[in-house]
Amino acid sequence: MEPSMWSTLPEITRLSPLVWRVMGGNPGKFTLQGTNTYLIGRGTSRILIDTGDGIPTWLSLLRKHLHESPPSDFGLTPGQPRPEVTKVILTHRHHDHVNGVADLLTLFPRAQIFKYRSESHPTLGEDQGWKVTRYLQDGEVFQVEEGVKLKVVYTPGHTDDHVCLHLTSSDGEENGLFTGDNVLGHGTSVFENLRLYMDSLAKMKAVGARKGYPGHGEVLENVGSTISDYIKHREIREQQIVRALKGAHVQFQGRNGNGSGGTTVAELTDTVYGELPMEIKSAAMRGIGLVVQKLVEEGRVAEAEGKGGEMGWKLVGGLGSGEERL
C-alpha cells in the first residue's frame, strides 16, 4: 500500500527512556512511512540500529538531534561532551537499511559497523567504501550501559543475514525487540525462505519481549501477539495450498490428460486467489512458489510434470499422505 494509507510518523521520537526513532526519509510502497532507524542508550555513547537508504535528510536529522538537542534529552549536564554513535548494528543487507552507512561515517568516522554475515552478499558495503568491522554471532550481547543489554537474535528468512535485537534492562523497564523486516508495524512482510522464516518467527516469539520496534511502521505494543498473527497467517496460506494440491490430485485421478498429475504454481495461484490482475498475480505466484519450496524442503511435496509439460507439484504419497500431514 502507498504510504498515505498510514499515519505519518514524526521525524524524531523518543519511544522509551533508552530508545529514539529517527526516520529514514524514504517513504514508499514497500518502506511504508520510511525506514525506522533507532538510537539506543544514554550518556555520550550511542548504538545505532540501521542507517536508512542514504537519504540526505536522515543524516541531517541525526546530526541535528545529537548536536543541537538540549543536554537533558540525553541525560547529560551542560558542558559534557555531545553524544556520539560508537556502534552501528545492521539488521540485514537490504539497501534501505545499509545505504546510510557511508554518510554516517562522515559524521562519526570511528563508529564500528556490525552485521551478520551474508553468504549471498559477502562483500556488502565495499562498493560504497565501507567494510563490516566484525560479523555478529547469534546470542552475543552488547552492553549498552550498566544493567542494560542488547542481545543478537539470528532470524533468517527475510534474508539470509537477518537479525533481531532484544533490549532488556535489569529494572524491567526495557523489554523490546527490534524486529527488523521480519515483523512490520503494518501489514505483513516478505521473505526469501519460508521454512527459515517460520522458524525465526517462533524464535522471536520465544524471546518474550513486550514491545516491538519494527524496521518500518508503528511501534508494536504487544509484539508477541503480532508475531502469533504472522505465524497464523502463514499457516492458513500453507493449508490453502495443501488443499489445492489435494483437489488437483482428485481431479487428475478422474481424467485422461497429459502430464503426471503435477499442478503448476500458476494453477495453484488461481485456485487460492481466484482471478487476479497480471501485475498482482506475479507477486502472488512468487508467494505461492515460496510456500511450495517449504513443502518440498519438508518432504511433503515433490516435482511432477503438469499439463503441457510444465513444471508442476504434487503431494508426496498422494491424497492420503497429504491429509495425514496437514
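Domain 1 covers 12-221 and domain 2 covers 255-315, with bounds taken from an automatic or database domain assignment. Their centres, taken over C-alpha atoms, sit 37 Å apart.

Since this is a prediction, local features need pLDDT of at least 70 and side-chain atom pairs count only at pLDDT 80 or more, while totals for chains, interfaces and linings use all residues. Residues are numbered from 1 along each chain as its sequence is written, and side-chain values use heavy atoms, leaving out hydrogens and water.

## How much gets covered up

Together, the two domains bury about 580 Å², and 58% of that is on carbon and sulfur atoms. Buried area here is the accessible area (1.4 Å probe) that two parts lose on being put together, summed over both. On the domain 1 side, Phe191, Leu194 and Arg195 lose the most area to domain 2, making up 69% of what that side buries.

## A charged link

Arg195 turns up again here: its side chain meets that of Glu297 in a salt bridge, at 2.7 Å from N to O. For a salt bridge, a side-chain nitrogen of Lys or Arg must lie within 4 Å of a carboxyl oxygen of Asp or Glu. The count between the two domains is 1 salt bridge.

## What the record says

UniProt, in an unreviewed entry, lists residues 34-216 as "domain: Metallo-beta-lactamase"; such annotations may be inferred rather than shown by experiment.
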